Structures are given as structure tokens and as C-alpha cells.
Amino acid sequence: MKLIHNQIETQIYFDCETSYTLVVESPIVMNRLVSDLKSQIRGEEGGFVYSENNLKEVDIAAECELIIDPFVSADDNKKFASKLLQSLKMVANQEDFFERTAQIKSALLQYALTIMQDCDESLTYKDEIDTGTLLKVFSFMFNFDDPSPIENLVTYVKVANKYLEKNLFVLVNVKSFFTDEELGYLVDTIHGMKCNVLFLESYYHKPFDNKEKYSIIDIDQCEIF
């Protein structure tokens with residue numbers, strides 16, 4: 001896989017085994033790169049092209065996850081809500097759970113009938129319960145409450161890969177927050193999912209992995225390979 005931008009010469013090659021760091025010392029260039037990525041992930045125009053084997057262009061909006069804040073919290077569950085509910089509905093309706101799900105729905109409908117019969121007014125009610133509606137009662141969400149920020153971030157990338165099918169993770173300035181061991185753990189997790197990882201950093205950090213590749217765009221916007 002290859003990632004390029006139409007306003008820089010650097011060409012970033014991925015192989016799901018080696019991390020790549022692009023050090024961008026120029027705030028002007030960093031602004032442009034991050035802004036373009038955000039826009040393209042929203043489905044708008046931008047200067048990046050992500051391609052497979054230099055031939056087939058890949059949809060950045062579908063493939064890329066941009067992580068600017070590495071401190072994941074419960075609020076980050078919002079983007080996964082619909083996909084998680086869809087997955088849980090499939091579980092609840094599969095053979096092992098179908099009978100139990102049907103029993104619960106039947107019990108709830110009987111409960112509704114009992115309440116209705118106890119009212120003086122003439123009432124009606126919906127006599128079918130959608131599995132998704134039933135599951136929403138429990139407010140299922142992913143647990144991002146580990147005391148270790150790196151564990152929450154690792155959980156996040158796993159969830160983004162499984163439920164949103166993200167295969168390229170771009171992390172902005174995260175090297176300032178984690179140790180080399182934690183960064184290695186994160187990269188090993190991403191590569192273990194056969195995904196790619198790009199670090200966008202404002203400052204040069206000593207590589208945490210001897211296989212790490214990097215390029216530099218200095219303060220004068222000169223590119224060093």
C-alpha cells in the first residue's frame with residue numbers, strides 16, 4: 001500500500017510489518033496534511049491518494065482512521081453504536097440465542113398486556129418487539145475505562161478495525177505521550193490485524209523500533225528522506 005499527497009514529494013509505503021513516521025516540523029504543512037485527512041475521511045476533497053500496488057486507488061474515507069486525541073473515553077463509543085447494535089442483533093437472532101430471545105419478547109408482550117388490562121382507558125400497543133429495540137435497553141458499549149491509556153487505545157484500534165473495517169491508522173503526535181514499549185505494543189497490535197500505521201509527528205523522536213521508517217519535512221518545508 002502507498003500513501004501520497006499532491007503537495008509533498010514523500011511517498012509512504014506500507015507493508016503491515018513496518019511502521020512509518022513522517023516528521024512534519026512545518027506547522028503550515030502539518031495543518032494541510034491533517035486538515036486534508038479529516039476532510040477526506042468525511043468524504044470531501046483533499047490531496048491524499050491511498051493506493052494498492054500503485055494501481056488501484058483505495059477510498060480513504062472507508063479505510064483510514066485518524067487519531068488526534070489518543071486518550072480514548074466512553075464518548076468515543078458514539079461512532080461504533082450502530083455497527084455494534086447490528087452485530088448484537090445478529091448474535092441475539094442466531095440459533096444459540098433465538099429461542100431465548102423469543103421467550104424474552106413473549107414475556108415482555110405479556111407484561112404489556114397485563115398493564116393494559118389494568119388501565120381504565122381503552123389502549124392499544126405494538127404486539128411485536130424489534131430485537132434492536134430490545135437490546136437498546138441495555139446500552140451496550142465498549143469498555144474504554146482501563147487505567148492505562150495505551151490499553152484503551154489498543155482496544156479502540158481493534159474495535160475500529162472489526163466494526164468499521166479501518167485498515168490504516170494515522171496517529172498525530174502520540175509519541176509524546178507513550179513509552180517506546182507502549183508504542184511497540186500498539187504497533188504490534190495494528191500489524192497483527194494486517195493493518196498499516198502512520199505516525200505524524202511535529203518533532204523528531206528517536207525510533208522506538210529498529211525497523212521503523214521515517215521521513216522529515218523540516219521547518220522550511222524541505223523534505224529529507
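1. Basis. The model is predicted, so local features are taken only at pLDDT of at least 70 and side-chain atom pairs only at pLDDT 80 or more, while totals for chains, interfaces and linings use all residues. Residues are numbered from 1 along each chain as its sequence is written, and side-chain values use heavy atoms, with hydrogens and water left out.

2. Salt bridges. Three salt bridges are found in a search of the whole structure, the term meaning a side-chain nitrogen of Lys or Arg within 4 Å of a carboxyl oxygen of Asp or Glu. One of them joins the side chains of glutamate 44 and arginine 42 at 3.2 Å, N to O; glutamate 44 is partly exposed at 42% relative accessible area, and arginine 42 is exposed at 53% (buried is under 20% relative accessible area, exposed over 50%, partly exposed in between, with a 1.4 Å probe and protein chains only).

3. A bridge between a loop and a strand. Lysine 79 and glutamate 65 meet through their side chains in a salt bridge of 2.8 Å, N to O. This pair links distant parts of the chain, 14 residues apart, with lysine 79 in the loop between β6 (64-67) and α3 and glutamate 65 in strand β6 (helices, H or I of at least four residues, and strands, E of at least two, are DSSP runs numbered from the N terminus). Lysine 79 is partly exposed at 40% relative accessibility, whereas glutamate 65 is buried at 3%.

4. A buried bridge. In the salt bridge of glutamate 212 with lysine 175, the closest N and O atoms are 2.4 Å apart. Glutamate 212 lies in the loop between β8 (196-201) and β9 (213-217), and lysine 175 in the loop between β7 (168-172) and α7 (180-192), 37 residues apart; both residues are buried.

5. Helix α3. Residues 81-93 make up this helix of 13 residues, which reaches 18 Å from its first C-alpha to its last, close to the 18 Å expected at 1.5 Å a residue (the expected span being 1.5 Å times one less than the number of residues). Leu84, Leu85 and Ala92 are buried in α3, and its buried residues fall within an arc of 95° seen down the axis, so they line one face of the helix (the arc is that of the directions from the helix axis to the C-beta atoms). Ser82 and Met90 are exposed on the other side of α3.

6. Tyrosine 13. This residue, in strand β2 (residues 11-13), is partly exposed at 40% relative accessibility. Tyrosine 13 and lysine 213 are 200 residues apart in sequence and 9.3 Å apart in space, C-alpha to C-alpha.
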